[in-house]
Amino acid sequence: MTNFISIPVTSTTAYAAGPRLVNVNTITGIFATAANAVTLFTAGENIVLTTTAAKAVEVLNAINTAIAATPGGQVVAVALPTGSQVTSVAIA
């Protein structure tokens with residue numbers, strides 16, 4: 001069964017804001033690639049999350065916690081730390 005995590009995205013652009021589901025089964029690695037960026041490497045496309053200033057490590061830790069808590073077939077929301085927001089998502 002496929003497992004997903006839900007990542008909240010904050011944006012002033014309406015269509016870019018809201019929860020984004022990521023298939024946990026396709027993630028091959030997750031890294032903080034800058035002070036304000038986290039990259040999820042997947043079996044297909046890589047997902048770059050832009051965070052609030054210098055919050056990449058906190059967001060990375062929140063994503064890892066959500067993945068570790070994912071039981072079969074459920075969506076687990078990423079609980080971002082207070083003051084942290086994902087402000088942009090790019091899929092490359």
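Keep in mind that the model is predicted. The largest nonpolar core has 20 residues, and α1 gives the most to this core, with six residues. There is also one aromatic pair.

**Nonpolar core**
- Ile5, Ile7, Val38, Leu40, Leu49 and Ile63 are the core members that touch the most other members.
- At least two core residues come from each of β1 (4–9), β3 (27–34), β4 (37–42), β5 (47–51) and α1 (56–68).
- Take Leu40: beyond its neighbours within four places in sequence, its contacts are Val22, Ile27, Gly29, Ile30, Glu45, Asn46, Ile47, Leu49 and Ile63.

**Aromatic pair**
- Phe31 and Phe41 form an edge-to-face pair, because their ring centres are 5.6 Å apart and their planes sit at 65 degrees.
- Phe31 is in strand β3 and Phe41 in strand β4, ten residues apart, so the pair links distant parts of the chain.
- Phe31 has 49% relative accessibility, so it counts as partly exposed.
- Phe41, at 28% relative accessibility, also counts as partly exposed.

**Helix α1**
- The buried residues in α1 are Ala56, Val59, Leu60, Ala62, Ile63 and Ala66.
- These residues cover an arc of only 160 degrees around the axis, so they lie on the same side of α1.
- Thr65 and Ala68 are exposed on the other side of α1.
- As background, an α-helix has 3.6 residues a turn, so residues three or four places apart point the same way.

Terms used
Residues are numbered from 1 along each chain as its sequence is written. This is a predicted model: local features need pLDDT of at least 70, side-chain atom pairs count only at pLDDT 80 or more; totals for chains, interfaces and linings use all residues. Side-chain values use heavy atoms; hydrogens and water are left out. A nonpolar core is a set of buried Ala, Val, Leu, Ile, Met, Phe, Trp, Tyr and Cys residues joined through side-chain atoms within 4.5 Å. Buried means under 20% relative accessible area, exposed over 50%, partly exposed in between (1.4 Å probe, protein chains only). Helices (H or I, at least four residues) and strands (E, at least two) are DSSP runs, numbered from the N terminus. Contact means heavy atoms within 4.5 Å. Rings of Phe, Tyr and Trp (its six-membered ring) pair if their centres lie within 6.5 Å; planes under 30 degrees apart count as stacked, over 60 as edge-to-face and the rest as tilted. The arc is that of the directions from the helix axis to the C-beta atoms.
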